[in-house]
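Subject: Handover of a structure and notes on it

Dear colleague,

Please find the structure below for your own study. My notes on it follow, arranged by topic, so that you may read them with the model open.

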Amino acid sequence: MTALLANGTRRAVPTRRATKGQARGDRTRQLIIGETIRCVRDEGFAAVSASHIAERAGVTWGVIQYHFGDREGVLVAVVDYGYESLREAIDHVEVPSGNPRDRVHAVVHAGWHAFSNPASLAAFEILIATRAGREPWFETHLADLADQLTRLGRALDPGGRGRRRQTIGNLLWATLRGLALAQMVVREPMDFSPELEALVDLLTMHLESRKRERGLPDR
């Protein structure tokens, strides 16, 4: 089977259909997604061929076609999985009450934990490599993620107004995305502790200065 994409091209769709006894199929699907993530992180996007995915996962290409349709279907599944992992992590960030630094520290480190997990990094690498021809719903994912980070900006600055809250969320998004990009170009995990603490300091100073401008008490 094929599916018509927004750009007019056609892509194969999986032949798998939902059944009651699909636990084994779900495990196989997760295995393929996991191996594709590891392939992207270990060898880079260029190594993610149809045959290499099958080889790493220890399955035939027919199995991958059954679950995903084609290579692009696997990549879509990886991006979707990475996005869901990132969104879930952001949704579960707990912002403590108290002084601004405590709030900023919690959000920055939780956000980096979400951005730096292998699924998120693999999804970002795929999005960068396929930006010229990717499907429109990828852009919806990115827009929704930006909204999530804007929400964190509101949590960091509960007394601020709309545009400034959005600016803080955008700054957080851009900084974490930049660190994630730096991590993507090397294999070994990088220690960004100094950069994260510098971001905490900068955001805290900004929030405290704005609070003083509004004449609000420190708390």
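This is a predicted model: local features need pLDDT of at least 70, side-chain atom pairs count only at pLDDT 80 or more; totals for chains, interfaces and linings use all residues.

A helix, as the word is used here, is a DSSP run (H or I) of at least four residues, and helices are numbered from the N terminus.

**Ser-120**

Is Ser-120 buried or exposed? Buried means under 20% relative accessible area. Ser-120 has a relative accessible area of 2%, and therefore counts as buried. Once its neighbours within four places in sequence are set aside, Ser-120 is in contact with Gly-82, Leu-86, Ala-114 and Phe-115. Ser-120 may also be compared with Glu-84: the two are 36 residues apart in sequence, while their C-alpha atoms are 8.9 Å apart in space.

**The protein as a whole**

The protein contains nine helices and two strands. Read from the N terminus on, the order of the elements is β-β-α-α-α-α-α-α-α-α-α. Of the 219 residues, 42% are buried. The accessible surface comes to about 11900 Å², and 54% of that surface belongs to carbon and sulfur atoms. Among contacts with a separation of 6 or more, 65% are accounted for by residues 24 or more positions apart.

**How helix α1 packs**

Two packed helices are described by the angle between their axes and the distance between the axes. Helix α1 (residues 23-43) packs with helix α3 (residues 61-68) at an angle of about 105 degrees, and their axes are 10 Å apart. That angle makes α1 roughly perpendicular to α3. On the α1 side, the contact is made by Gly-25, Thr-28, Arg-29, Ile-32 and Ile-33. On the α3 side, Val-63, Ile-64, His-67 and Phe-68 take part.

Helix α1 also packs with α4, at an angle of about 85 degrees and with the axes 10 Å apart.

**Helix α2**

In helix α2 (residues 50-57), the residues His-52, Ile-53, Ala-54 and Ala-57 are buried.

**Salt bridges**

How many salt bridges does a search of the whole structure find? The search finds seven. Three of them are described here.

The side chains of Glu-35 and Arg-38 meet in a salt bridge, with an N to O distance of 3.1 Å. Both residues lie in helix α1, three residues apart, which is about one turn of the helix. Glu-35 is buried, with a relative accessible area of 14%, whereas Arg-38, at 42% relative accessibility, counts as partly exposed.

A salt bridge also joins the side chains of Arg-56 and Asp-42 (3.4 Å, N to O). This pair links distant parts of the chain, since Arg-56 is in helix α2 and Asp-42 is in helix α1, 14 residues apart. Arg-56 is partly exposed at 24% relative accessibility, and Asp-42 is partly exposed with a relative accessible area of 40%.

Glu-35, Arg-38, Asp-42 and Arg-56 belong, together with Glu-43, to a network of salt bridges.

Arg-71 forms a salt bridge with Glu-72, and the closest N and O atoms are 3.3 Å apart. Arg-71 counts as partly exposed at 22% relative accessibility, and Glu-72 is partly exposed with a relative accessible area of 37%.

**A nonpolar surface patch**

Val-185, Val-186 and Met-190 make a nonpolar surface patch of about 250 Å². Where is Val-186 found? Val-186 is in the loop between α8 (162-184) and α9 (193-214). At 32% relative accessibility, Val-186 counts as partly exposed.

With kind regards

Notes: Residues are numbered from 1 along each chain as its sequence is written. Side-chain values use heavy atoms; hydrogens and water are left out. Patches are made of residues with over 30% relative accessible area and no salt bridge: like charges are joined within 9 Å, nonpolar side chains (Val, Leu, Ile, Met, Phe, Trp, Tyr) within 5 Å. Accessible areas come from the Shrake-Rupley method with a 1.4 Å probe; for residues, only the protein chains shown count as cover. A salt bridge is a side-chain nitrogen of Lys or Arg within 4 Å of a carboxyl oxygen of Asp or Glu. Buried means under 20% relative accessible area, exposed over 50%, partly exposed in between (1.4 Å probe, protein chains only). Axes are lines fitted to C-alpha atoms, for helices over the stretch in contact, and angles run from 0 to 180 degrees between N-to-C directions. Angles under 35 degrees count as roughly parallel, over 145 as roughly antiparallel, 65 to 115 as roughly perpendicular and the rest as oblique. Contact means heavy atoms within 4.5 Å.
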